[in-house]
Amino acid sequence: MLFAQISDLHIRMPGQKAYRVVETDRYLPPAIEALNRLDPAPALVIVSGDLTDFGRPQEYAHLKRMLDGLRAPYYIMPGNHDARDELAAAFPQHRYLGDMADFVQYAIEDHPVRLLMLDTVVPMQSHGALCERRLDWLRRRLAEQPGRPTAIAMHHPPFATGIAHMDAIGLLEGADALEQIVAAHPNVERILCGHLHRTIFRRFGGTVASTCPSPAHQVALDLRPDGPSAFVMEPPGFHLHEWRDGALVTHHAYIGSYPGPYPFHEGGALIDE
């Protein structure tokens, strides 16, 4: 099984720039083209939050027109820039958005790896939380199939990254409880997150938690305790997750055109010229 993860699209309307710099809607089509070119093709694409920049109906309509160009089925979840009600209204055919009252939490069951989608959004706030209702949903879903390989997807990562301004708006409630739940279920192969606009990995609850880059702008890699809130226009990217030999293997893929590929060998020998 191969599936893709994109995150933090921050879609605005054509001609509008996020933070006066990034025309985010111009960056998503190349990402969709890159995903559609993949061979083998992914079985599905998950979009792990911050789909739009301000959660406005027109932003979601614009986003949907682009995402519908994906050849693979796609599954969406909210981030701190999203509005649950507007999201559900814009994607009526995505009936799973209403599986749980108040929160966007659902399971994707039709593949070798089960995907459980968690909602970490606190309305009108940048930080995330997992309240007891959301955690109890996770406990019950994990108990249903305790031996099945499972990945959990959520927007806010459940760990501090060292990027101070992002950690200040990280998962500020429920991370310890989540870690205990995950530790009790060794079938959880991965926790897949967004929010950070960077690729980051950490051991968590006996598994690995990761964050995904953005197809547009990236959060600046600044590990100073007083580092300012800032972003950079580093190459856009996404993640590919492959279930292989009983484990999940993750690749960071860049979006765009770059020189190559070039051969390492010629005539059976390493090129030396």
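Visitor: How much space lies in the largest pocket?
Guide: This is a predicted model, and the values here are computed from it. Rolling a probe the size of a water molecule over the atoms shows where empty space is left. For the largest pocket, that space comes to about 350 Å³.

Visitor: Which residues are the closest to the centre of the largest pocket?
Guide: The lining of this pocket is made up of 17 residues. By kind, they divide into 6 nonpolar, 10 polar and 1 charged. Closest to the centre are Y19, H81, M166, I169 and S229.

Visitor: How many charged residues are in the lining of the second largest pocket?
Guide: The second largest pocket holds about 210 Å³ of space. It is lined by 13 residues, and N80, D82, A83, P123 and M124 are the closest to its centre. The lining has 6 nonpolar residues and 3 polar ones, and the number of charged residues is 4.

Visitor: How many disulfides does the structure hold?
Guide: A disulfide is a covalent bond between the sulfur atoms of two cysteines. To count as one here, the two sulfur atoms must be within 2.5 Å. For C193, the nearest cysteine sulfur is that of C212, 10 Å away. The number of disulfides is therefore 0.

Visitor: Is C212 buried or exposed?
Guide: A residue counts as buried when its relative accessible area is under 20%. C193 has a value of 0% and is buried. C212 also has a relative accessibility of 0%, so C212 is buried.

Visitor: Which residues of helix α6 are exposed?
Guide: Helix α6 covers residues 175–183, and A175, L178, I181 and V182 in it are buried. These four cover an arc of only 120° around the axis, so they sit on the same side of α6. An α-helix has 3.6 residues a turn, so residues three or four places apart point the same way. On the other side of α6, the exposed residues are D176, Q180 and A183.

Visitor: What percentage of residues 1–198 is strand?
Guide: An unreviewed UniProt entry annotates residues 1–198 as "domain: Calcineurin-like phosphoesterase". The C-alpha atoms at the ends of this span lie 24 Å apart.

How values were computed: Residues are numbered from 1 along each chain as its sequence is written. This is a predicted model: local features need pLDDT of at least 70, side-chain atom pairs count only at pLDDT 80 or more; totals for chains, interfaces and linings use all residues. Side-chain values use heavy atoms; hydrogens and water are left out. UniProt positions are given in the numbering used here, feature names are shortened, and annotations may be inferred rather than shown by experiment. Helices (H or I, at least four residues) and strands (E, at least two) are DSSP runs, numbered from the N terminus. Buried means under 20% relative accessible area, exposed over 50%, partly exposed in between (1.4 Å probe, protein chains only). On a 1 Å grid over the protein atoms alone, a cavity is a set of points where a 1.4 Å probe fits but cannot get out, and a pocket is an open set with protein on both sides within 12 Å along at least five of seven lines; lining residues have an atom within 4 Å of a point. Grid points are joined across faces, edges and corners, and a volume is the space filled by probe spheres set on the points. Ala, Val, Leu, Ile, Met, Phe, Trp, Tyr, Cys and Pro count as nonpolar, Asp, Glu, Lys and Arg as charged, and the others, Gly among them, as polar. The arc is that of the directions from the helix axis to the C-beta atoms.
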